[in-house]
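Please look over the structure shown here together with the report that accompanies it.

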Amino acid sequence: MFSKEESRKLREEFWIAFGKSFPNKWTLYKTEVKGLSFKFHFDLKRATVSIDVDSDFEQRIRIWDKLVALKSILLNEYLPEAIFEDFYILENKKEISRIYVELNHVSIHNKNTWRETMEFLNQNMLQIERFYAEYKDIIDS
């Protein structure tokens, strides 16, 4: 087991190493679409890259419907393993809509899984950003 401080240091070390290995300027929260963001996550069991729709209910439905309309394109051309969840509950119990891919059996506490995780995060976020660049006008209309 790791103390909270050791865990914090490992997390910080991972994200610094990731930034140095893949120094891209990620879109993440700067999608210019209210309530739409892209996220990286890496914990003790898995890594995920996601498209999160987190806004008021009406806006969330509007954006989600557009993403679902593009589902076959996203799956066929960008993220074949993507999981669509219109009702996804975050750890803080907040409900959002999420499209995500995940890599299981990796841990931020296990440096032996870091390279695989970094490559997974980079590859999948690039695909999300390519998809977004191509279909931004549809999603934002």
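## Basis of the model

This is a predicted model, in which local features need pLDDT of at least 70 and side-chain atom pairs count only at pLDDT 80 or more, while totals for chains, interfaces and linings use all residues. Residues are numbered from 1 along each chain as its sequence is written, and side-chain values use heavy atoms, with hydrogens and water left out.

## Helix packing

Helices H1 and H4 pack with their axes 11 Å apart and at an angle of about 55 degrees, where axes are lines fitted to C-alpha atoms, for helices over the stretch in contact, and angles run from 0 to 180 degrees between N-to-C directions. H1 and H4 are therefore oblique to each other, since angles under 35 degrees count as roughly parallel, over 145 as roughly antiparallel, 65 to 115 as roughly perpendicular and the rest as oblique. Helices (H or I, at least four residues) and strands (E, at least two) are DSSP runs, numbered from the N terminus.

## Salt bridges

The whole structure holds 9 salt bridges, each defined as a side-chain nitrogen of Lys or Arg within 4 Å of a carboxyl oxygen of Asp or Glu. One of them joins glutamate 5 to arginine 8, with the closest N and O atoms 2.6 Å apart; because these residues are 3 apart in helix H1, about one helical turn separates them.

Glutamate 13 forms a salt bridge with lysine 111, the closest N and O atoms being 2.6 Å apart. This pair links distant parts of the chain, 98 residues apart, with glutamate 13 in helix H1 and lysine 111 in the loop between E4 and H4. Another salt bridge, between glutamate 102 and arginine 46, has its closest N and O atoms 3.5 Å apart; glutamate 102 lies in strand E4 and arginine 46 in strand E2 (residues 46-53), so the pair ties together parts that are 56 residues apart in sequence.

Phenylalanine 57 lies in helix H2 (residues 57-69) and, at 52% relative accessibility, counts as exposed (buried means under 20% relative accessible area, exposed over 50%, partly exposed in between, with a 1.4 Å probe and protein chains only).

Glutamate 32, in the loop between helix H1 (4-21) and strand E1 (36-42), has a positive phi near 70 degrees although it is not a glycine. Histidine 105, in the loop between strand E4 (95-104) and helix H4 (114-140), is likewise not a glycine and has a positive phi of about 65 degrees.
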